[in-house]
Amino acid sequence: MVLSRLPLYPSMLCYLPDVLTAQRGQSSAPRVSVPVGVCKVIVILASEPGAPVRFSYYGAWPIEPVWWCVMSLCPCTMHAAQNDEGGHVIKAAFFDVDGTLLSFATHEMPASTKEAIRSMREQGILTIVASGRAHYQLPSCLRSGFDAYITLNGQLCFDDRGVFRSNPINPEDVRVIVDQAAQGLYDILVMQRDRAFVSSFSESVCAIMKQSGVTYELDELERAFDAPVYQFCAFLDPGEERIFMDATKAVKQTRWSPWFCDVVPAAGGKSYGIQAVFERYGIAPEEAVAFGDGENDLSMFEMVGTSVAMGNASDMVKVHATLVTDDVDNDGLYNACKKLGLLS
């Protein structure tokens with residue numbers, strides 16, 4: 001647990017100042033001991049200069065006054081517990097899926113990524129999936145174990161308490177895109193809240209299924225009107241997006257693959273999902289970090305104080321990131337978390 005991530009309650013400041021004594025062992029890291037009758041153990045450890053200061057606490061007393069006493073006796077820990085490159089405490093971490101949490105080669109989370117997620121959650125950092133996928137398209141390893149989900153590029157966001165953002169595409173624009181697909185101008189993946197389907201199994205559709213490890217269902221285009229559509233994937237080459245952009249009124253597009261672009265509401269994208277998370281959990285932008293590798297992650301990078309581009313990201317993404325790490329298959333996410341001081 002990182003010290004400065006615990007809240008301070010001024011009304012509790014007078015509880016324990018006389019019973020704590022600061023000590024130093026052989027290491028230069030400060031230690032604090034407390035009489036057994038008050039708390040079992042408090043140990044503060046800093047493995048190296050600038051590393052996050054952490055502690056273990058075993059006792060029944062409220063932790064807030066203990067934290068204040070530790071900080072008052074060892075003020076040097078304040079700087080060491082700052083976790084991002086700008087000196088802010090990280091309270092939330094947002095993760096893209098494909099190429100960030102999941103390997104394109106194995107379609108699984110590397111073991112080091114799982115360890116990084118576990119360590120952050122253990123310290124009280126909110127972990128949030130931020131993906132262009134729908135929840136039902138996530139592999140089983142990602143369907144639980146996170147605090148919240150930004151899905152469909154920010155159009156449908158939820159946590160254990162329920163949905164806190166729902167923003168489908170305007171029905172008129174849905175009609176335009178479906179009609180264009182019916183005319184054979186391009187293929188589409190229709191993404192609704194509870195299901196997704198494609199208009200055909202073209203070469204591009206099959207290529208992206210292989211890359212993502214997701215198998216799509218084939219269905220009639222008119223089924224797009226059975227339920228609200230939150231996102232389309234339009235299988236067009238880069239530069240051809242004007243085909244639908246010139247004909248619609250309230251959509252925008254973003255791309256992370258040469259085979260298709262994501263089509264979302266004009267007031268949509270991962271940035272809107274992140275803003276919804278900030279409001280729901282009371283988090284400031286400088287208290288958040290985002291990890292990604294695709295163009296559709298750039299709006300996410302703009303919303304947070306610290307942004308991390310994976311080594312497998314394009315140069316366009318890397319130039320907008322605070323930090324560039326290693327590839328997803330070379331412990332990229334874990335290594336970035338270690339550099340930022342987010343690991344226990």
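**Entry 1: a tyrosine**

Is Y149 buried or exposed? I looked it up: Y149 is buried, at a relative accessible area of 5%. For my own use, buried means under 20% relative accessible area, exposed over 50%, and partly exposed in between (1.4 Å probe, protein chains only).

A note on what I'm looking at: this is a predicted model, where local features need pLDDT of at least 70, side-chain atom pairs count only at pLDDT 80 or more, and totals for chains, interfaces and linings use all residues. Residues are numbered from 1 along each chain as its sequence is written, and side-chain values use heavy atoms, with hydrogens and water left out.

**Entry 2: rings around Y149**

I went through the aromatic pairs next and found seven in the structure. Rings of Phe, Tyr and Trp (its six-membered ring) pair if their centres lie within 6.5 Å; planes under 30 degrees apart count as stacked, over 60 as edge-to-face and the rest as tilted. Ring pairs link F95, F146, Y149, F158 and F291 into a cluster.

**Entry 3: the core**

F95 and F291 turned up again when I checked the largest nonpolar core: of its 29 residues, F95, L101, M120 and F291 touch the most other members. Such a core is a set of buried Ala, Val, Leu, Ile, Met, Phe, Trp, Tyr and Cys residues joined through side-chain atoms within 4.5 Å. Strand 5 (92–95), helix 3 (111–122), strand 16 (288–292) and helix 10 (332–339) each supply at least two residues of this core. Helices (H or I, at least four residues) and strands (E, at least two) are DSSP runs, numbered from the N terminus. Another core, of 24 residues, lies apart from it, with A92, I274, F278 and A309 among them.

Where is Q155? I found Q155 in the loop between strand 7 (148–151) and strand 8 (156–159). Q155 counts as buried because its relative accessibility is 0%. Leaving aside neighbours within four places in sequence, its contacts (heavy atoms within 4.5 Å) include R165, Y230 and V264.

Strand 8 then forms a hairpin with strand 9, with two residues between them. The two run antiparallel, joined by four bridges; strands pair if DSSP finds at least two bridges between them. I noted one partner: C157 bridges to R165 in strand 9.

Which residues of helix 5 (residues 203–212) are buried? They are V205, I208, M209 and S212. They sit on the same side of helix 5 because they cover an arc of only 105° around the axis, taken from the directions from the helix axis to the C-beta atoms. E203 and K210, on the other side, are exposed. Among what covers the buried residues I listed strand 10 (187–192), strand 11 (196–198) and strand 13 (229–235). Just after the helix, G213 takes a positive phi of about 75°.

Strand 11 and strand 12 pair in the parallel sense over two bridges, and V198 stands opposite L218 in strand 12.
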